[in-house]
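Me: I would like to go through this model and ask, for each label attached to it, what value stands behind the label. Please set each value against its cut-off before concluding.

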Amino acid sequence: GEPGYRGGVTVANVLPPAEPDEARAEAGNGAAEQREREFRQWRFEARAQASPTAIVLDQLDLRVGEAEHPITLSGAAQVDLGRDPRFQAVLSSRQIDADRALGGGPDQPIAPHEAVAALAKLIAPDLVPIDGRVSADIVFAERGWRIARAEAVLPGSADIALSGRVEPDPENPRFDGAVTLAAEHASPLASWLFRQDSLLPGFGAVTGNLRASAAITLEKNGFALNRLQVTTDRNTLSGDIAYVAPSGDARGTLDIAVKTDELDMRGLPVERLASTVRDQLSGADAPGLDVALDLDAASLIGASLTARDVRGRVRVERERITVETLRIGDFAGATIEGNGTLGALAGDPTGEATVTISAGDFRQVAEALKLTGMSELAAQLEARGPALSPAALSLTVASRAEGGRSGLDVTLDGTFGGTDLSGSGRLEGGLAQPAATSVDLDLSLASATGGTLLKQLGLGDVGADGAGSLELAARGSLQEGIDLLLSAETSVLAG
């Protein structure tokens, strides 16, 4: 009969002890090089039945990596021999501890993009020297793999499924394909995914169910999600996300484009995100990320207020904020628009920015103030609202050096309730610390009816028909104190 073999097979790649020079090099280069050496160790065991045309492997066990925390796969395989050899296998693993197998253990967890690079070193095409298919889902080829479907379980009881193409270059691994994700608990998943090098500290505060799908590009130093669709307990949104991790002296980037009919901000870590933005503007630079946000939301729901028809493109960099465009169609009855760039906010400010606000009725603003707990101010605005409406205000700040000192020139123009408002002045000092900023402002109000002006100021309805005006000057700082000088002229006072 034809020759054959039936029995056990064991194959291992055991590295010899490192030479003194190699050991010193590994010690100097750190844990990453040590893990790379560990990945070159593997052990393969199986029950085999071989013939001249095929090799069938049962009870297959493959262990890759160092002995204490290897990556272990088990299953069965078949190798068809001949001119066109084929390798087919069904392999599975109950659990892979990525932090131990690919990182430095629980105290030194590995970031997702670093895990991709580690896996590329761990599993390369030369491990499978002939074309083949693993789990009927992965096709190995000389220059890359094609994944029909791969599944994994991530923190937060999250199931992830991938399909696409892998380029397992150890120096520049890359995956292009599609991903779907279903998580019962978004908090631990987000904390694991973003780690501490993201601009979203505390993003794990997001809780509840999460469903997502996207076209994905995953590289050694970051990822991109295109045609993203996300559904949570409260929100449904679409958009794109691109993230590049900080590296050495190079800052990272996080670009987010989001479109949604309704975004519920309750439960999101808005305060912590705002704190991070303040750190960026003050030059603290802890995260080392530049963030760009492109938002298109029919409504943004906060703890007590809702903004509608929100459109904005904003970039926050180190000590610089750029608002390409911002429009809020309805925020407590007011329309807000703005644009501009302000930089070096921790020192000598640069740039120019403009904000315009218009409101047809201040009653909604008063109601909004009640919701935020500012009941006394709400009562004052509610009483004066009819006299203040309608209102249209424009504020412009622009950097300019004066007497060898840098600062921001401030210009305010507009009308409210028929009263003209104009003002100008100067702010000097780092705006990241408003209390220490010096203030030099002049404001004037002029109305064709002095009685209306007095009513707007809360001095009662005296029914005066003559013109009226008011001048206000402010000098000083919140930290040292501000001196106010007020002068007024009306026919009522003159009479």
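Me: What makes S17 and S18 a hairpin, and which residue in the turn has a positive phi?

Reply: In this predicted model, S17 and S18 form a hairpin with two residues between them, and Glu319 in the turn has a positive phi of about 60 degrees. The strands, residues 306-317 and residues 320-331, run antiparallel and are joined by 10 bridges, where at least two bridges are required for two strands to pair. One of the bridge partners is Ile328 in S18, which stands against Val310.

Me: How do you know that S18 also pairs with S19, and how many residues lie between them?

Reply: S18 and S19 (residues 334-343) pair in the antiparallel sense over eight bridges, against a requirement of at least two. Two residues lie between these strands, which form a hairpin, and Ala332 in the turn has a positive phi of about 55 degrees. Ile328 has Ile336 as its bridge partner in S19, and Ile328 is also the bridge partner of Val310.

Me: Which strands does S24 pair with, and in what sense?

Reply: S24 (residues 438-447) pairs with S23 (residues 419-428) in the antiparallel sense over nine bridges, and S24 pairs with S25 (residues 468-477) in the antiparallel sense, again over nine bridges.

Me: Why is the pair of Phe223 and Tyr243 called tilted?

Reply: The ring centres are 5.5 Å apart, and rings count as a pair if their centres lie within 6.5 Å. The planes stand at 40 degrees, whereas stacked needs an angle under 30 degrees and edge-to-face one over 60, so the pair is tilted. This is the one aromatic pair that the structure holds, and the pair links distant parts of the chain, with Phe223 in S12 (residues 222-232) and Tyr243 in S13 (residues 236-244), 20 residues apart.

Me: Are these two residues buried or exposed, and how do you know?

Reply: Buried means under 20% relative accessible area; Phe223, at 15%, therefore counts as buried, and Tyr243, at 5%, is buried by the reasoning of that cut-off.

Me: What makes Ser299 buried, and which residues does Ser299 touch?

Reply: Ser299, which lies in S16 (residues 289-301), has 6% relative accessibility and so counts as buried, the limit being under 20%. Leaving aside residues up to four places away in sequence, Ser299 touches Asp261, Glu262, Leu263, Thr306, Ala307 and Arg308.

Me: How do you know that the span of H8 agrees with its number of residues, and where does the helix kink?

Reply: H8 (residues 375-388) has 14 residues, which at 1.5 Å a residue should span 20 Å, and its end C-alpha atoms are 18 Å apart, so the two values agree. A kink of about 40 degrees lies at Glu382, shortly before the proline Pro386. The buried residues of H8 are Ala378, Leu381, Gly385, Ala387 and Leu388.

Notes
Residues numbered from 1 in each chain as written. Predicted model: local features only at pLDDT ≥ 70, side-chain atom pairs only at ≥ 80, totals over all residues. Heavy atoms only, no water. Phe/Tyr/Trp six-rings, centres within 6.5 Å; stacked < 30°, edge-to-face > 60°. Helix = DSSP H or I, 4+ residues; strand = E, 2+ residues; numbered from the N terminus. Buried < 20%, exposed > 50% of the residue type's maximum accessible area, 1.4 Å probe, protein only. Expected span 1.5 Å × (residues − 1). Bend = angle between axes of the 7 residues up to and from the residue. Contact = heavy atoms within 4.5 Å.
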